[in-house]
Structure formats: structure tokens, C-alpha cells
Amino acid sequence: MKPLSILVIDDESIICDACSLVLAEKGHLVDRCLTGKSGLLAIEGGTYNLILLDMKLPDIDGMEILKTVREKTPAPCVIVMTGYSTMSNALQAMKLGAADYLAKPFTDDELVGAIENSCERLLKKQVAAL
């Protein structure tokens, strides 16, 4: 897999740090934001292939961020993360355009697997659209 530009938006610095460490070891470039507002600013100012998005942020709900991202661009692959995993949350996130859904806590392998699977599905979609 080619290196990706990834943004992690999570109010738990330990999650941001762990994701950054695992993904940097795989050769990806990773930016981190601890608030929804800073995440939206980073999205507006950067070009990301993938966004790892927490659903429960202190300032903006993750679903609102997902809606905003999808209104502006369909391009970045978004994987939502939450410690409050319910089927209705997962379905709502997928309907809004999330590529996958990770329940916290997740393992390094689950994280990498979700990213690889999501990017593979996105690439197949893009090729099929040509």
C-alpha cells in the first residue's frame, strides 16, 4: 500500500498518539487534532486520503463533522471510531459516507486492517467509475 496522508481527530491524546505511531511505522504521514474545530480547519487546509474520526468530541459531534466533510468533498476515506458502539450509530455513520467503523478499544491489526480494506474498496469504486 502506498503511503497515505491521514488525519486523526480524537479528543483522547493516547488514541491519537497510538494511531500515529502505528501508522507512521507503516510509512503513512499522520496529523492529529484533539478537537472537532481543529479537525475541520485541518481538513479545509490539507489534502488527506483518510480521516480517522472519533464520534464523541467535546466541541462538535463526529456525525456533524462527517456530514460537513461529505458536503465539501467525497474524496477522503473516513473511518469513524467510538467507545459507544451501537448498531444504529454504525448504520448512521455508513449512511453519511463513512467507509468503516471501529469500536474502541481496537488493536493495531484492526486499525491497519480497517484502513487497508477501506482504501481497497475506495480504489475499486474509483476504477469502476472510469
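Which residue caps the N-terminal end of α3? The cap is D61, with a side-chain oxygen 3.0 Å from the backbone nitrogen of M63; a polar contact is a pair of N or O atoms within 3.5 Å, and within protein one must be able to donate a hydrogen and the other to accept it, while residues adjacent in sequence count only if both atoms are side-chain atoms. The model is predicted: local features need pLDDT of at least 70, side-chain atom pairs count only at pLDDT 80 or more, and totals for chains, interfaces and linings use all residues. Residues are numbered from 1 along each chain as its sequence is written, and side-chain values use heavy atoms, with hydrogens and water left out.

**Overall architecture**
- The chain has five helices and five strands, defined as DSSP runs (helices H or I, at least four residues; strands E, at least two) numbered from the N terminus.
- From the N terminus on, these elements run β-α-β-α-β-α-β-α-β-α.
- The radius of gyration, taken over C-alpha atoms, is 13 Å, close to the 14 Å that the globule rule (2.2 Å times the number of residues to the power 0.38) gives for 130 residues, so the chain is as compact as a globular protein of that length.
- Of the 130 residues, 42% are buried, that is, under 20% relative accessible area, against over 50% for exposed and in between for partly exposed (1.4 Å probe, protein chains only).
- Among contacts (heavy atoms within 4.5 Å) between residues at least 6 apart in sequence, 59% join residues at least 24 apart.

**Helix α3**
- Helix α3 spans residues 62–72, and its buried residues are G62, M63, I65, L66 and V69.
- Viewed down the axis of α3, these buried residues fall within an arc of 160°, so they line one face of the helix; the arc is that of the directions from the helix axis to the C-beta atoms.
- Exposed E71 and K72 sit on the face turned away from the buried side of α3.
- Cover for the buried residues of α3 includes α2 (36–45), β3 (50–54), β4 (77–82) and α4 (87–95).

**Nonpolar cores**
- A nonpolar core is a set of buried Ala, Val, Leu, Ile, Met, Phe, Trp, Tyr and Cys residues joined through side-chain atoms within 4.5 Å.
- The largest has 22 residues, of which L7, I9, I51, L53, I65 and V80 touch the most other members.
- Helix α3 gives the most to this core, with four residues.
- Apart from this core lies another, of 20 residues, among them L4, I15, M81 and C119.

**Residue D100**
- D100 lies in strand β5 (residues 100–103) and counts as buried at 19% relative accessibility.
- Not counting residues up to four places away in sequence, D100 touches V78, I79, V80, M94, A114, S118 and R121.
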